[in-house]
Amino acid sequence: MSKQSKKPEENSNSVVAVDDTSTKFTETGDDGDRVVESKNNPVASTDEKIQFELIRKGSASKLRDPTQLVQYELGNVDDVLSLRITSNDKDGLFSGESIPINKIADCLSKLSDGASFSSRVLHNLFSNQSNNNVGFLAAIFRAENVLKATEGKLYMHQFVVKHTELEAHLTANY
């Protein structure tokens, strides 16, 4: 597969499989990200442009297998702090969409303080409903010390940081 680009040395491409018949590519370049999605045609393109201003990158151990990592980026989309999953070490479909941190905080605000919860509560944050999205996001929030595992329950979480402090916590020291 070949892609033409004005400055190939400055662009990086990550491929994210969405389902059995379509593939979603995120091309990162000087003029922002371009989401390319296709059905059985990996070079088909949409005109959707996403300006993602990178603040920092990170990686987190997966919940199921801590030897495998999921990579993510924190940045601004239209001056809104957002997070996106960029890749993972092994198997697992996921969505590369940018999720606004304030949308995540709103989702988490519905939970009571001290409650244990599963990753499923994060499901509606993603337009692509891959089950891996929520597990990967929970792993990222554990790595960022936003969540911790409920004692004795690997896939249940508790807050370390209040949802009202999420954005300040993620941008501290940056």
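1. A residue is called partly exposed when its relative accessible area lies between the limits for buried, under 20%, and exposed, over 50%. Asn145 has 47% relative accessibility, so this residue counts as partly exposed. The model under review is a predicted one.

2. Asn145 sits in the loop between H2 and E10. Beyond residues up to four places away in sequence, Asn145 touches Val160, Val161 and His169. Its C-alpha atom is separated by 9.2 Å from that of Leu170, a residue 25 residues apart from Asn145 along the chain.

3. The loop between helix H2 (131-143) and E10 also holds Glu144, whose partner Arg56 belongs to strand E5 (residues 52-61). Glu144 and Arg56 form a salt bridge, with 2.9 Å between the closest N and O atoms. The pair links distant parts of the chain, the two residues being 88 residues apart. Both Glu144 and Arg56 are buried.

4. How many salt bridges are there? The count comes to two. Arg84 lies in strand E7 (residues 80-88) and Glu73 in strand E6 (residues 69-77), 11 residues apart. Both Arg84 and Glu73 are buried.

5. Strands E9, E11 and E10 make up an open sheet of three strands, in the order E9-E11-E10 and with antiparallel pairing. Its edge strands are E9 (117-118) and E10 (147-150), each of which pairs on one side only. E9 is joined by two bridges to strand E11 (residues 153-159), and these two strands run antiparallel. Within E11, His157 is the bridge partner of Phe117.

6. In soluble globular proteins, nonpolar side chains tend to be buried together. Here, the largest nonpolar core has 31 residues. Which members touch the most other members? They are Leu83, Ile101, Ile104, Leu125, Leu137, Phe141 and Leu166. Two or more residues each come from E6, E7, helix H1 (101-109), H2 and helix H3 (166-171). The most is given by H2, with seven residues.

7. Ile101 deserves a separate entry. Ile101 is among the core residues that touch the most other members. Leaving aside neighbours within four places in sequence, Ile101 is in contact with Leu74, Leu81, Ser82, Leu83, Leu166, Glu167 and Leu170. Of these contacts, Leu83 and Leu166 are also listed with Ile101 among the core residues that touch the most other members.

Technical notes. Residues are numbered from 1 along each chain as its sequence is written. This is a predicted model: local features need pLDDT of at least 70, side-chain atom pairs count only at pLDDT 80 or more; totals for chains, interfaces and linings use all residues. Side-chain values use heavy atoms; hydrogens and water are left out. Two strands pair if DSSP finds at least two bridges between them. Helices (H or I, at least four residues) and strands (E, at least two) are DSSP runs, numbered from the N terminus. A salt bridge is a side-chain nitrogen of Lys or Arg within 4 Å of a carboxyl oxygen of Asp or Glu. Buried means under 20% relative accessible area, exposed over 50%, partly exposed in between (1.4 Å probe, protein chains only). Contact means heavy atoms within 4.5 Å. A nonpolar core is a set of buried Ala, Val, Leu, Ile, Met, Phe, Trp, Tyr and Cys residues joined through side-chain atoms within 4.5 Å.
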